Amino acid sequence: MTSSAWAAQTLADQETGTAFEHLIGSLRGLQDSVTSTRPPAEVALAIAAELRAVAHRLDEFGVGEADQLAGAQMDYPGRSQACVPVLDHTAQSADEVRGTLQLSRFHLGRNGAAHGGVIPLVFDEIFGRLAGTDRPRCRTAFLHVDYREITPIGRRLDFTGRVERVDGRKIFVTGSLADGDAVVAEADALFVVLREGQP
Ligand SMILES: CCCCC/C=C\C/C=C\C/C=C\C/C=C\CCCC(=O)SCCNC(=O)CCNC(=O)[C@H](O)C(C)(C)COP(=O)(O)OP(=O)(O)OC[C@H]1O[C@@H](n2cnc3c(N)ncnc32)[C@H](O)[C@@H]1OP(=O)(O)O
């Protein structure tokens with residue numbers, strides 16, 4: 001996919017967009033249901049067949065990246081991107097963001113702690129949206145995470161993000177994730193504004 005995909009994104013009318021977001025919400029629910037249950041073999045096999053049939057129903061509606069709604073619906077907190085936890089922004093500017101999220105059973109690592117790879121995913125999402133607000137397209141060049149305490153699932157977490165410095169094409173950002181008064185993770189990252197023609 002070349003840089004032309006940046007310009008060509010096609011958004012949906014409201015009915016189609018809302019319906020698709022509903023579909024993604026159901027997919028998130030399914031991911032949690034599958035993760036948190038232990039069905040007997042015959043039930044697992046029957047559901048697997050049903051899911052294959054559901055996936056098959058979507059085949060005829062396949063589209064390229066420029067026309068997919070997943071990840072493109074910025075008006076929804078999860079931007080219809082099932083891979084990324086839903087972020088509820090409570091304050092947002094070009095320099096600072098705050099908000100909440102809740103990780104679920106799907107994001108579990110072990111022993112009540114979120115999977116360690118989910119935390120940088122969350123920060124990349126927070127920072128990517130922040131760095132891209134009122135600025136040209138940019139991509140993550142590095143992302144450093146300090147895990148201070150385990151990050152619990154099933155609880156409301158508070159996030160912050162802030163643009164610390166802009167130096168030419170370089171946007172330096174920092175942020176944190178907290179469970180009540182406890183900061184569970186901190187991160188800092190560099191985003192670099194893309195040059196013409198960069199994918
Ligand atoms: C998915 C969408 C992504 C874009 C979104 C942007 C805006 C849209 C708004 C909202 C979108 C909605 C949601 C977004 C949510 C999440 C976003 C996720 C973003 C990502 O997840 S995106 C995927 C992961 N990301 C990559 O896939 C990047 C692969 N990579 C490259 O594409 C190149 O590597 C690039 C372009 C980064 C730089 O390449 P380049 O050739 O253009 O520039 P160059 O190397 O010259 O660096 C220029 C100056 O940055 C310094 N510098 C560079 N890298 C450094 C490093 N690692 N450490 C320290 N300094 C570094 C140099 O030292 C120099 O500094 P100086 O100018 O002072 O010399």
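## Model and conventions

The structure is a predicted model: local features need pLDDT of at least 70, side-chain atom pairs count only at pLDDT 80 or more, and totals for chains, interfaces and linings use all residues. Residues are numbered from 1 along each chain as its sequence is written.

## Overall fold

The protein chain has four helices and eight strands. These elements are DSSP runs, numbered from the N terminus: helices are H or I with at least four residues, strands are E with at least two. Their order along the sequence is α-α-α-β-β-β-β-α-β-β-β-β.

Along the principal axes, the C-alpha atoms fill a box of roughly 60 × 40 × 25 Å. Of the 199 residues in the chain, 18% are buried. A residue is buried if 20 or more other C-beta atoms lie within 10 Å of its own, exposed if 12 or fewer, and partly exposed in between, with C-beta atoms placed from the backbone. Contacts here mean that two C-beta atoms, placed from the backbone, lie within 7 Å. Among contacts with a separation of 6 or more, 62% join residues 24 or more positions apart.

Five residues of domain 1 are in contact with five residues of domain 2. On the domain 1 side, helix 2 (residues 14-35) gives the most, with three residues. By class, that side has one nonpolar, three polar and one charged residues.

Asp32 is found in helix 2. Asp32 counts as partly exposed because it has 16 C-beta neighbours inside 10 Å. Leaving aside neighbours within four places in sequence, Asp32 is in contact with Ser104, Arg105 and Phe106. Asp32 and Arg105 are 73 residues apart along the chain, yet their C-alpha atoms are separated by 5.6 Å.

## Ligand shell

The ligand is surrounded by 19 residues, and the closest are Gly128, Gly132, Arg139, Ala141 and Val192. The elements that give two or more residues to this shell are helix 4 (118-131), strand 5 (138-147) and strand 8 (182-193). Strand 5 gives the most, with five residues. By class, the shell has six nonpolar, five polar and eight charged residues.

## Annotated region

An unreviewed UniProt entry places the feature "domain: Thioesterase" at residues 111-181. UniProt positions are given in the numbering used here, feature names are shortened, and annotations may be inferred rather than shown by experiment. Over residues 111-181 the chain is 20% helix and 48% strand. The end C-alpha atoms of this stretch are 21 Å apart.

Strand 6 (residues 156-167) pairs with strand 7 (residues 170-179) in the antiparallel sense, over nine bridges. Pairing requires that DSSP finds at least two bridges between the strands. Val163 has Val173 in strand 7 as its bridge partner. The two strands form a hairpin with two residues between them. In the turn, Gly168 has a positive phi of about 65°.

Strand 7 also runs antiparallel to strand 8, and ten bridges join them. Ile171 stands opposite Phe191 in strand 8. This hairpin has two residues between the strands, and Gly180 takes a positive phi near 65°.

Arg79 is not a glycine, but has a positive phi of about 35°. Arg79 lies in the loop between helix 3 (41-58) and strand 1 (88-92). With 19 C-beta neighbours inside 10 Å, Arg79 counts as partly exposed.

Asn111 also is a residue other than glycine with a positive phi, near 60°. Asn111 sits in the loop between strand 3 (108-110) and strand 4 (113-114). Asn111 counts as exposed because it has 6 C-beta neighbours inside 10 Å.

Key:
Ala, Val, Leu, Ile, Met, Phe, Trp, Tyr, Cys and Pro count as nonpolar, Asp, Glu, Lys and Arg as charged, and the others, Gly among them, as polar. A residue is near a molecule or strand if its C-beta atom, placed from the backbone, lies within 6 Å of it.
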